Amino acid sequence: MENLMSVSHLTKSFKENKVLKGISFDVRQGEVLCILGPNGAGKTTTINILTAALGSDGGEIIYKGRPISRQLRPYKQALGIVPQDLALYEELSAEQNLSFFASLYGLHGPELKKAVDQALVFAGLDDRRRDKVKTFSGGMKRRLNIACAIAHRPELVIMDEPTVGIDPQSRNYILDSIKKLRDEGMTVIYTTHYMEEVEVISTRIIIMDHGSIIAEGTKESLKEGIENEKKYTIDIEENGKISHDEFFSVEGVKSVKIEGNTIEITSLKGVENLDRIIALLSNRGEKIKNITSENASLETVFLKLTGRRLRD
Amino acid sequence: MRRFLSIFKMDLTNLFKSPVLVGYNTVFAALIILIMGLLTSGNYADARDAYQYYTVTMLIYGMLNGAMTASNCFMELDIKRPNLRIIYSPAGSFPIYFSKTLASFVFDYVLHVLLLAVFCPLLHVTLGDNPLYFIAMMAPVEFAAAALGTFFCCIFHCEETTSTLLSLTVSVLCILGGTFFSLDGLGPALAFISKLSPVKWLNDAFFTVACDNSLALFWPVFLGAAAVSVLLVLGCRFFFRTEDYL
């Protein structure tokens with residue numbers, strides 16, 4: 001895929017706090033690039049700089065071969081932005097909101113009407129077009145928030161956590177819409193701290209933490225490093241007799257974490273050793289309440305890279 | 001230009017849809033003129049003079065409070081969030097603050113002129129032989145007040161702080177300027193302090209046009225307020241930062 005945007009050595013500080021520590025990445029034409037990271041990782045600051053609403057302290061953003069600072073108006077024309085907070089006029093109807101925001105991108109007359117109609121259909125709000133936004137549910141507002149960003153058919157859509165605080169049904173609708181945008185050839189930059197969303201929509205993933213990019217690649221390539229591992233989570237009734245070291249006598253066990261009555265064991269994937277782990281626990285008189293086994297996920301990737309869970 | 005007009009129309013619509021702002025600039029202003037006129041009518045030889053005095057002074061008070069209309073239009077949370085999209089759009093940052101200033105000016109000006117149109121015949125208030133001078137002189141003052149509100153927002157980045165400071169400043173200047181009661185009869189010291197208040201200058205200028213049919217102070221006020229407006233808009237341009245909206 002062709003490069004649409006190149007971000008290089010972006011830095012930003014707020015007083016003494018270094019929020020971005022020289023991040024660099026590319027955005028390819030037609031992809032859904034997910035920026036994943038916990039709160040405070042620097043995702044929103046990155047987005048604010050990409051939208052040209054916030055200046056950076058250092059670094060450069062090249063869009064279609066030219067720095068955005070030298071083509072600010074055409075660059076902004078090519079963008080569609082979904083901010084984290086709902087940016088809608090509550091007292092106006094869905095149609096009026098769309099019409100106003102699309103007109104800011106130079107649309108008018110029949111062209112504007114067509115764009116508004118398409119955006120309403122996209123958001124599934126065609127039948128509520130004349131209703132005031134304040135009468136909408138949270139999910140409907142979120143969908144309209146996205147529709148306002150894409151009505152003018154931008155080349156690059158930037159979404160900053162667009163599914164925060166909504167019901168699963170609306171979330172699925174939004175994720176399907178993003179896949180639809182991707183299929184129509186739009187490029188999407190999507191920030192989130194929901195791992196499941198990234199699994200569903202991403203073409204490529206950037207993982208951020210503490211203002212730096214700690215990993216980048218497709219979900220397959222990111223998982224590759226730990227694909228030969230699996231994790232058992234075992235809940236026991238009462239723990240008091242068993243220690244970490246005893247598990248390492250079982251073939252394939254790589255790491256053990258005991259927290260209260262829960263034991264997490266990371267093991268090599270090809271080794272069938274669960275029966276031996278169960279036997280070990282039985283021999284020590286432990287009563288097993290529950291066992292789960294999971295393969296490598298992005299959550300595991302994140303945990304391995306940062307030593308903490310995404311939503312910690 | 002089309003984008004600017006679109007934003008201006010939206011800002012103006014939002015203002016006219018706000019019952020609080022419409023009420024403040026019409027019902028509240030009308031009530032305060034009537035109450036103050038009624039309470040002080042005994043102090044004047046002719047009760048109509050009391051209404052004449054308070055229609056002019058309260059109108060000036062209302063015009064200066066137009067600064068708060070602008071700060072509300074600029075930074076009120078429900079407006080601020082959708083305004084974020086204007087920042088993201090190719091419209092640029094100038095329409096953000098200038099459109100708010102212009103919309104606040106038009107809103108306040110229209111309502112205040114309507115108020116005069118009702119009150120002048122009703123209370124026998126005169127605006128001079130040619131009321132157009134009086135109404136024309138209001139325009140730059142209204143605009144300067146709106147620009148002041150926007151300018152304060154650009155500096156303090158917060159509607160609450162801006163409104164508190166503006167309210168305090170306008171009230172103090174109006175008390176010193178004799179808006180609620182004249183300080184001229186309260187001794188030479190207070191009369192001197194009163195003369196330092198720009199509100200006193202405005203009162204004098206508007207009374208000169210309305211009661212003396214003199215245009216001696218028309219151009220100084222008109223051009224002075226216009227110059228202040230230009231300086232405040234330039235100040236907005238200098239101090240406005242898009243990141244304050246994020």
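**View 1. Glu161(A) sits in the loop between E7 and helix H6 (168-183) of chain A.** Helices and strands here are DSSP runs (H or I of at least four residues for helices, E of at least two for strands), numbered from the N terminus. This is a predicted model, in which local features need pLDDT of at least 70, side-chain atom pairs count only at pLDDT 80 or more, and totals for chains, interfaces and linings use all residues. Residues are numbered from 1 along each chain as its sequence is written, while chains are lettered from A and ligands numbered from 1 in the order in which they are written. Is Glu161(A) buried or exposed? Glu161(A) has 21 other C-beta atoms within 10 Å, so it counts as buried. The cut-offs are 20 or more other C-beta atoms within 10 Å of a residue's own for buried, 12 or fewer for exposed, and in between for partly exposed, with C-beta atoms placed from the backbone. Have a look at the backbone too: phi of Glu161(A) is positive, about 45°, although the residue is not a glycine. Most residues other than glycine have a negative phi.

**View 2. Arg153(A) is found in the loop between helix H5 (138-150) and strand E7 (156-160) of chain A.** Here again is a positive phi in a residue other than glycine, near 55° for Arg153(A). Arg153(A) has 16 C-beta neighbours inside 10 Å and therefore counts as partly exposed.

**View 3. Strand E3 (residues 32-36) of chain A is largely enclosed by the rest of the structure, because 5 of its 5 residues are buried.** Both faces of E3(A) are covered, with Val32(A), Cys34(A) and Leu36(A) on one side and Leu33(A) and Ile35(A) on the other. Now for the partners of this strand, where pairing takes at least two DSSP bridges between two strands. E3(A) runs parallel to strand E8 (residues 187-192) of chain A, joined by 5 bridges, and Ile35(A) stands opposite Thr191(A) in E8(A). With strand E9 (residues 204-209) of chain A, E3(A) pairs in the parallel sense over 4 bridges; there, Leu36(A) stands opposite Ile207(A).

**View 4. Chain A brings 24 residues and chain B 19 residues to their contact.** Two residues are in contact if their C-beta atoms, placed from the backbone, lie within 7 Å. On the side of chain B that touches chain A, the elements giving two or more residues are helix H1 (2-16) and helix H5 (77-88) of chain B. H5(B) gives the most to this side, with 8 residues.
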